[in-house]
Amino acid sequence: MTVGLRTIVLLFLLGVSAPPSWAGRIWDSELKRYLTEQEMMHAEVYLTEEDAVKLMFPESERVRKEIVRLHPDQKAQIEARIGWKFPEETFEIYIGETGSALDGYAMVQNTIGKHKPMTYMVGVDPKGQCTNVELLVFRESRGSEVRTKRFNAQYEGKTVSDPIRINRDILNISGATMSVRSMSAGVKRALVLIDELYLKPLGRGSDQVAEKRSGKGFLDFLFNE
């Protein structure tokens with residue numbers, strides 16, 4: 001990572017915008033040149049957060065939002081499970097409900113793509129499976145193909161037990177590798193966060209699933225849920 005890129009990332013994490021003169025000094029190894037100010041300021045807004053919530057819970061009677069702050073131990077455990085550290089300690093989680101039934105959860109994720117953060121929402125059902133991924137804001141000059149349903153449908157049905165990695169269970173997009181890696185990392189984090197914060201306390205999380213499977217015979221494990 002170049003000095004300029006480290007500076008931009010650090011300022012982003014601190015909530016400080018980088019001056020245009022700094023932004024213009026980011027080197028793109030594929031283009032073999034520094035990115036221009038226009039390229040660094042580029043942002044395509046595809047959905048508002050409100051619109052994305054409607055897509056996540058199209059039939060829910062109501063949607064409420066909870067703000068969750070991670071304890072240091074929780075944060076460390078989640079980081080260990082996903083395999084990378086993140087600066088956020090607080091997350092906003094949407095919860096869809098119909099009557100007394102829980103429809104699912106949704107979270108907005110911001111993860112660094114090639115140079116800048118991309119914003120997208122991840123939906124998770126009550127069993128811990130990814131139901132939908134929608135790109136809200138894309139700030140890079142290339143790689144926005146991750147917003148297409150042809151690509152992001154790959155995440156549907158994924159759980160914390162899946163790798164969710166390029167060349168493992170996610171097909172890459174040529175020319176958009178960093179965007180794919182970024183989105184995959186965010187989907188994995190959302191699944192682990194929901195698992196740790198909601199499913200485990202309700203007795204539906206990965207611990208219970210693993211225990212249930214370990215108690216089955218070999219044939220049961222292969223052919224039954």
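1. Start with Val-187, which touches Tyr-120, Val-122, Cys-130, Val-133, Tyr-155 and Ile-164, leaving aside residues up to four places away in sequence (contact: heavy atoms within 4.5 Å). Bear in mind that this is a predicted model, where local features need pLDDT of at least 70, side-chain atom pairs count only at pLDDT 80 or more, and totals for chains, interfaces and linings use all residues. Numbering runs from 1 along each chain as its sequence is written, and side-chain values use heavy atoms, without hydrogens or water.

2. The largest nonpolar core has 38 residues, and Ile-93, Tyr-155, Met-183 and Val-187 touch the most other members. Such a core is a set of buried Ala, Val, Leu, Ile, Met, Phe, Trp, Tyr and Cys residues joined through side-chain atoms within 4.5 Å; buried is under 20% relative accessible area, exposed over 50%, partly exposed in between (1.4 Å probe, protein chains only). H7 gives this core its largest share, 11 residues.

3. Arg-189 also sits in helix H7 (residues 177-199); helices are DSSP runs of H or I, at least four residues, and strands are E runs of at least two, numbered from the N terminus. Arg-189 counts as buried because its relative accessibility is 1%. Among the residues Arg-189 touches are Trp-84, Phe-86 and Gln-109.

4. Now the sheet: six strands, open, antiparallel, in the order S3-S8-S7-S6-S5-S4 (pairing takes at least two DSSP bridges between two strands). S3 (44-45) and S4 (62-69) are at the edges with a single partner strand each, so one side of each has no neighbour in the sheet. S7 and S8 are joined by six bridges.
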